[in-house]
Amino acid sequence: MIEEMHKVTGWFYRQATRIGNHPFIEFCGLMNEYIKCCESALAKGVDFTECSTHSGKKLPMEGYN
């Protein structure tokens, strides 16, 4: 799943740069930070797919994320 998420952000980045709106391109950076948090959670044995406002489970994050 993580690998597929990286593929999607790569596609998004290419499309966003084609469009040329820099703030929109920056969303790719936000998505990549989310993926880093998911990778970290997975390494800690946390199912990141269950972490959301709806479930009440929090995605573990460092202060800089």
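1. F27 lies in helix α2, where helices are DSSP runs of H or I with at least four residues, numbered from the N terminus. At 45% relative accessibility, F27 counts as partly exposed, because buried means under 20% relative accessible area, exposed means over 50%, and partly exposed is what falls in between (1.4 Å probe, protein chains only).

2. Please keep in mind that this is a predicted model, in which local features need pLDDT of at least 70 and side-chain atom pairs count only at pLDDT 80 or more, while totals for chains, interfaces and linings use all residues. Residues are numbered from 1 along each chain as its sequence is written, and side-chain values use heavy atoms, with hydrogens and water left out.

3. Together with I19, F24 and L30, F27 makes a nonpolar surface patch of about 400 Å². Helix α2 (residues 22–43) gives the most to this nonpolar patch, with 3 residues. For such a patch, residues must have over 30% relative accessible area and no salt bridge, and nonpolar side chains (Val, Leu, Ile, Met, Phe, Trp, Tyr) are joined within 5 Å, like charges within 9 Å; a salt bridge is a side-chain nitrogen of Lys or Arg within 4 Å of a carboxyl oxygen of Asp or Glu.

4. In helix α1, the buried residues are I2, M5, T9, F12 and A16. They cover an arc of only 75° around the axis, so they sit on the same side of α1, the arc being that of the directions from the helix axis to the C-beta atoms. The face turned away from this buried side carries the exposed residues E3 and R18.

5. After α1 comes G20, whose phi is positive, near 90°.

How values were computed
Accessible areas come from the Shrake-Rupley method with a 1.4 Å probe; for residues, only the protein chains shown count as cover. Helices (H or I, at least four residues) and strands (E, at least two) are DSSP runs, numbered from the N terminus.
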